[in-house]
Structures are given as structure tokens and as C-alpha cells.
Amino acid sequence: MKEIAQCLDNGFPLRVLRFEIRECESKSQKGVWQYKFQSRHFVMVVKSSTAHSYLKADKALCAVSECVCWIAMDSLADSVKEKATMCSTNPFEDTETLEQVSLQSMENGGENLYSAEKSDVIGKLESELTSVPSDSEQPKSPDGPKSLLKRSSLGRLSSRLLSGLGKDGEGKREQRKSVNEDQSERRKLSGPESSVPGDNEEPKSPDGSLPTLKRGGLGRLSSKILSGLRKDGNAKQGLVKAVAEIRAEEVETPLKHKEPEEPLSVMEIHDLINKGVLEEAHIHLLLLKKELDSEASKTVQEGTQSELLRKTKDMELLCGTLRNKLKSIVKDSLNNSQDLLTNAVKIIVEEDKREHDPSYSEASCLKGPQEWKELWREAVQEGVRDRIANVPIAKREDNQSWLAVHLALLGKSIVDDLESVKTMVQKCYPEDFGVCNTYVASSHQEVSSHLQKIMQQKLEVNEWYALLNWTINCYESDKIMGNLVLKPEVNTEGMDPLLDKDTLENMKTNYITGLQVQLKHCLENMLNIESEKNWETKDEPEILNGYYHSEIQIDITEMVHRYVATSREIDTDLEERVLCTCSEELKHFSRHFNNTFMEWRTSSPNSALQKSLSIAYINSFSNIKTEMDKYKEKCPAQIEQLNNELDKVIQDLGATLLADFIQETEPYFKKLMTKRWLSCEDDFEKIMEIIENHSELYKKMKQPCFQKCVNGIHYSAVKGYVTQIMKKNYSCKNRKHERAAAKIKVESEALRSHFDDMGTTSKWLHSAALHLGDIVGVKNKRDIKETIQPLVSDFPDISKEHVSAILYFRGITKGPEKQAILQRLQELKSSPKAIVNRSRLLFGAIVVPKANACLPLT
């Protein structure tokens, strides 16, 4: 201790000398210097920077017992030296001496401790209680209780507390003077609000003197300890009671924290920042900055330039560490405690004011590469980005709906985070910060970036749809940003779109492209299934409600309706584009299907299966056409093109049925209008049987295709019948024409009756064979020219070659009668009434062969 006394003699006043075993961490111990000697820590709080330098340089302090030592402020060197000497020895050999000194101190009058000092002393007492052995644990000593107290650190503590009281009035006056000086310094550092009462604020007693020990102080603390020892006779119990009494009184007097006079070292400030003691670290940083600015403003000698640069660099490093710490706290606001966040916000607010309002404080602000508000916004942005990036996302191979699940979790995370900001984080900030708006803007921006990153992946059509649907329908709905729990702080009305038009258009294009590929793949699979299920198994198609049915129509229409409906939920533009895509793909599929089916048809020997499948597909494509017509207003051009293609497919399928009918009946039609025909009914009856079979088959065909097919075979049957007369294979001579005419009329009536039963609408065909029968049956050749007039009226497309062929069948091959009949035909065809109806061409479709080189059959 002689080095300390020497320091004091040289004019370095000490405000407080404090020795303790543990490290100093509480706010009341700011500006504490720590020294270690023989595995013990000794801490000294000093006022003078010169004394700091001395103590810092000379670390070989004398050993001091395990105790807490307080020395009252006293500028007299001898008095302080004496007190310092007392600290290194123990003049109190027993409790009586301790009590005597305590009473003497109370008579001389003791000055009150500051509340912070008082609390610190009490804390040391409490910690010391844990080191005092209990009654059962007290070690035996030949000297008895006095020796135990002598060796107790609490006994030494009381003695040193008493030694802090001056034996005369000088200590008291000097102490008050030091208090006033300290108060003045604190005002300079902390402003007018944080002041300590001085002389003019000290309450006076009735006699004008300062009160002694009335409101607590060193003397009262010592007396309470001694009183506890006298009454209880036990050191530990007396100390417990004394501490308890002082603690009870301390509640009534709020603690006043002293501002540090000098900053801590760089490493100590750095440790405070890392430990999260932000307010204290901030205060010391400001002091360090002020000290550095003061040194920089002075004329710096050449030899001290490097030291100033080193301090400046240390200051910059500390400021960077503080900024990073505050940024980390703000980033993790939703996980940090509100107290920690509040402390961080206080520093940000204060530094922001220092940055923009020089009159806010004399102390310089802690500048950095960016403004504090900007630093805060960046921290919020990064925190939101990290939370969005941490939303779980599965792999496609693990879950086909991975993106839809991820987007659902993302929406929930957004709502939960913004709700936490609204209910908890916002309370830690001043109102002018606009915390909710900042978090909403950051979330909006980061979600947009997150979605664009997802778009960079190779997505499938269902994933593009999930992304579109979440962006357009879910994000601003009451599920996420419009959620009631976020009202009214979160308002979507003023927000920009989550994705710009070009990005949305790109998403839609990718969705349409994927849809087109998927649609083509699905249609190809449908064709494969249809061929394997119905073509290869050779089973008759399914009959539904009396009609042949194919599942392919249900698969196609349901698929199209589903795509259109889901796209409509996003917007009408996407719906129209999906419709156009579906129409285009169906058009190509219909053509491809028809070609594939026709190839199979030519290679399949099963005629009955061919016909039934043709009818089933006629029904299916007719239904598809009907369903697609519902979208004609939204996509007219594409639907019209699709309908044309479907009509062509239906027409081709119907043509195959007609071709089947013609192929089946042609051998029997060739045997008509011959000599055998006059006496045989078998051939015509076979034709009627084929017509009946086709009639039953066509009943499983839906309208309007059924009507077209019935009219088609009606036309084909009449044409086939009439064509046999035009071939000139037989001439009715020797009055055989009467029998032929009668037979023609009977068979014509049979055809008319049967096709009427089938529901034909081509009734204009009924009279063709009847008119021929009338001409063939005329007895007098000269009267024939009068009977051709009804034939020409009903069938104006008849030509001279056709009439010549009819006359040949009648047995008129030449002569004036033939010329007269042909002349009459020319007159009738020249009449204005003889207008050819292009929809009723019968004879015009029949080719009359040239003159036959062979002799006619007789």
C-alpha cells in the first residue's frame, strides 16, 4: 500500500479505493480497473487519469486480505495515507475495539454513501455471509470468539468502513467538496437530468448543521453491524440482521447510478458488447470517442501520431463491433428478448438523433459506413430474408406437391412473423419508426425475390400453377396479407404487385407450355389405353343409355374442363389461353386418332367390331364437339377450327359405315335388272337384310349423326338400285318389260317403307324407282315421251344418256320413237322450271357406260 500512499502524497487525489475478489460487472462499477495478484483480483476506482496511468503501470500491488475496502474521499494526503495503512493492517484486535471505533466515528459524524455505493457494500456483505461458517461448522480456536472475529473478513470490513470516517471535521468537509466536483462532472457527461444533490440540496437540521447518520451512511452501517453482534452474540446472525435492515431501508431510496468519468479499455468495451451489456458499452464508447476527439483537436506532436492512429483504429473497430451486434439483435428480433431489443433500439434512436441533429448532444455520434436508420432497415431486411429462407421445402422426389406445401408454409410463416411484429416487436420502438410498415415492405420484397428464385428451377405444370395461384389469389387474400390478425397495421391496398407484369407473363407462358406438353402426353395415353382396351380385346363397346359409348370422351372433356376451371380462378386471360391451347391440342389429337383408327380398321378382319367402334367414336367426338362449343364465345377462332376437324373425323367415321354398307350390298345389286332377277327374289331380299342390320346398328348412334347415316344408306341404296338399269346389262323384249316394271314398283315400295321406318328425311328418293317403273311399263312406245315429264321434274339432273339407258332396258334401242322421246327430254330440260337442286343429285352421280360391245342378255 505504500505505493498508493506515495501516489496520494504526490497530489493524485483518489475518489474511491475499492478492493474486491470478484470481477466487476454491474452498472454501479463502471470505470473500474482490475488487477490480479497471487490469483486474486483487486479493483481500484480512481478519479485522476494520472493516477490511472500510475496504477496501470505498477501492477505489483501489495497483498491485501480477502475483504472489501471503502475509503471515503479525502484530499489530505496524510489522512488518506493513514487510512491506506489501516487497510493493510488490522488495528482492531477484538469486538470491543471495533465497537469503540464505530461509536467514535458516529460521534464525529459520517457522511451518507451514495445509493449505488451503499447497494454495492450491502452486496459485498451478503456475499461475505456465505463464507462465514455456521455454528456447527465454526473452527475451534484457542483464542475463542475474538480470535474468530479477528480473522473474519467481515470484522476487517467493519474496521475499514469505520476508518473511512474522519476523526475530525476535515474528512466531512473534504468529502462534500468531492461530491460537488463529481456532480459537476456528471452533469457535463450526462446532461442536466442526471444530477447528484450538492451542498445547496442537502437538507438542514434545526440547528443548521448537517444530519449525522439520520439517513444512513458508513457510521450507521457500522453501528448496525456492531449492534447485531452485541444483541445476538453471533457474527453471522448479527450481520444477516444488519444487512436485512439496510435492505429494507434501501427500497425507500431509489438507486442513483453514477456516470463513468473515464472510459474502459478497448478490450473491456469489446467484452461488454459481446456480452450484450449494450447501454454501458455505448456510454463508454461515447466517452472514448469524446476523449479521442479531444486529443485529435490538440496540436499533436510528431511522436504521438502513431498512438492517435492506433486509438482511432481501435475506436473504429469498437464502433463496427457495436453496429454488428445491434444489427444481429435486430435481425433476430423475433427470437430475442424484448429487453435486449429495447436496449438496442435505444442506442439506434440516440445515434440517429446525433447523426441528424447536432444540437441533440455535445458528444459526437458513432459514425459508420451507413446511417443508423439505414443499418436498422438493412438488419430488418436480412432478418426477414433469413426467416423466409428457413421455411421448409421438400424435394420433388419426396413429395410431388412439394411446392404447394412450401408455399402454404411460407404463407403461415409470413402471417406469424408479422403478427409477432405487431404485438411484440413494435412495442420496443418509437412510433415514428414505422416498424410494421418496414417489416411489411421487407417481407413483400423478400417474398418476391424468393418466388423468382423458385422460378429459376425446372418446374412442372402443376408447380407453375401452384406458383401462379399463390401469387395472384392467396398472397393478398385474407389467408396471408389480408388476414384479420394483421389489421389495421398491415394494409394491402397501397402495396405494389408482388411480381411485375413481365414476370407474371413469363410464369403464364411457362404454365401454358407445360400444360401443352402434359395435355399432349395425356391424350396419347388415352389413345393407347383405348386401343389396348377396345381394339385388341375385340369386345363390343360399352352401351350407355342405349348408345355405344367410349370412355375417351369423358376423359378428354373432364380434363379440358378442369384445366379451364382452374385457370379461370387465376384470371380470364389465362383461361382464354388455356382454352386456345386445349382446342389446338384436341384438333391435332382428333386427326391423329382418326388416322390411327383407320389403320387398325384396315387390318382388322372383325367387321362387326369395326362398325360398333366407329359408331362409339362418332358419339364420343360428337359429345366432345358439343362440350367445346360452350367455350366458343371466349375462344371463337380456335373452337371453330376444332369443330371443323371434329366434323371431318365424324364424317370419315360415318363414311366408313357407308362404305361398309356399299361393300356388303354391291354384289347383290349387280345381280338385279337381269334375266335371273325377273324370276328370283333372293338378291333383293339379301339387300333388304343388310339394310335391316345396318338399321339396328345405327340405332345405337346419337343424333344428328344417326340421321345423316340413315339418309346416307337410303341414298346409297336407291342409287345402287337405279344404277343397275343404267348399266344396260339387260333389255326387256317380248313383253318382259311389263313384268320388270311390276317388279321395280314392288321393290321400290319396299325400299320406301323400310327407310321411312328408319326415319329417313330423304323422301325425295322414293319416286326415283317408281318413275323408272312407269316408263318401263308403258305398253305403247309412242306414249313414253309423255311419261318422262314427272321424272324430269323430280330429277332435273337426268341426262340424255340416262334416258337412253332407260329406253334400252325397255327394249327401245333405236327408231323414231327413241328420237321423239329424247327430243321431248330436251324440251323439258330447257324449261325455266327445270332447275337443278344441287342437294338432290341422283342421276348426276351415276355414270352411264358407253356402248356395250357384247350382245345384250336376252
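The secondary structure of the chain comes to 31 helices and four strands, in a model that is predicted. Of the 858 residues in the chain, 48% are buried, and the accessible surface comes to about 43,100 Å², with 50% of that area belonging to carbon and sulfur atoms. When contacts between residues at least 6 apart in sequence are considered, 74% of them join residues at least 24 apart.

Empty space inside the structure can also be described. Rolling a probe the size of a water molecule over the atoms shows where empty space is left. A search of the whole structure finds eight cavities of 30 Å³ or more, and the second largest cavity has a volume of about 150 Å³. Its lining is made up of 16 residues, of which L334, V384, R387, D417 and Y439 lie nearest the centre of the second largest cavity. The elements giving two or more residues to this lining are α13 (305-331), α15 (372-389), α16 (402-423) and α17 (435-455). By residue class, the lining of the second largest cavity holds nine nonpolar, four polar and three charged residues.

|---|---|---|
| K487 and P488 | about -5° | P488: between α18 (461-474) and α19 (501-535) |
| Q703 and P704 | about 0° | P704: between α25 (682-698) and α26 (705-726) |

M673, although it is not a glycine, has a positive phi of about 60°, and its place is in the loop between α23 (636-669) and α24 (675-679). Because buried means under 20% relative accessible area, M673 counts as buried at 1% relative accessibility. K728 is likewise not a glycine and has a positive phi of about 60°, and K728 lies in the loop between α26 and α27 (736-758).

How values were computed. Residues are numbered from 1 along each chain as its sequence is written. This is a predicted model: local features need pLDDT of at least 70, side-chain atom pairs count only at pLDDT 80 or more; totals for chains, interfaces and linings use all residues. Side-chain values use heavy atoms; hydrogens and water are left out. On a 1 Å grid over the protein atoms alone, a cavity is a set of points where a 1.4 Å probe fits but cannot get out, and a pocket is an open set with protein on both sides within 12 Å along at least five of seven lines; lining residues have an atom within 4 Å of a point. Grid points are joined across faces, edges and corners, and a volume is the space filled by probe spheres set on the points. Ala, Val, Leu, Ile, Met, Phe, Trp, Tyr, Cys and Pro count as nonpolar, Asp, Glu, Lys and Arg as charged, and the others, Gly among them, as polar. Buried means under 20% relative accessible area, exposed over 50%, partly exposed in between (1.4 Å probe, protein chains only). Contact means heavy atoms within 4.5 Å. Accessible areas come from the Shrake-Rupley method with a 1.4 Å probe; for residues, only the protein chains shown count as cover.
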